[in-house]
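Subject: Structure handover

Hello,

Here is the structure for you to look through. Please open it beside this message as you read.

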Amino acid sequence: MKLLADKTRLTILALLKEKEMCVCDIVDVLQTTQPNISQHLKKLKNGGLVVETRRSQWIYYSLNVDDKPYLQGILEELPSMKDELSKINPNCCK
């Protein structure tokens, strides 16, 4: 639960609730640096809340909360990020 005390990490979870994403997409939406996002993702991964999948040179992140029913209520309360996702550069990780 301590991982959820940070606004950036909550926003990342809200984004990943919508779809699997690479770091460059998250950086694009949050308008921050790649090292900053990578550190937050590392903490979320170490906490077991996200998993990573490598596809060629890119790493994609997705939620890993199916075995954590106590988080479902929190995730349901996170705002939709669909508008923000529509602004992503579609060629970012291609």
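Predicted model: local features only at pLDDT ≥ 70, side-chain atom pairs only at ≥ 80, totals over all residues.

Start with the nonpolar core. The largest one holds 24 residues. Within this core, L13, M21 and I26 have the most contacts. The largest share comes from α1, which supplies five residues. As background, nonpolar side chains in soluble globular proteins tend to be buried together.

If you leave aside its neighbours within four places in sequence, L13 touches L4, L44, L49, V50, L63, L75 and L78.

Next, look at T11, which sits in helix α1. Is T11 buried or exposed? Its relative accessibility is 17%, and the cut-off for buried is under 20%, so T11 counts as buried. Again leaving aside neighbours within four places in sequence, T11 is in contact with L30 and M81.

Then move to α2. This helix is mostly covered, with six of its eight residues buried. The buried ones are V23, C24, D25, I26, V27 and V29. Just after α2 comes Q31, where phi is positive, at about 50°.

Regards

Methods
Residues numbered from 1 in each chain as written. Heavy atoms only, no water. Core = buried A, V, L, I, M, F, W, Y, C linked by side-chain atoms within 4.5 Å. Buried < 20%, exposed > 50% of the residue type's maximum accessible area, 1.4 Å probe, protein only. Helix = DSSP H or I, 4+ residues; strand = E, 2+ residues; numbered from the N terminus. Contact = heavy atoms within 4.5 Å.
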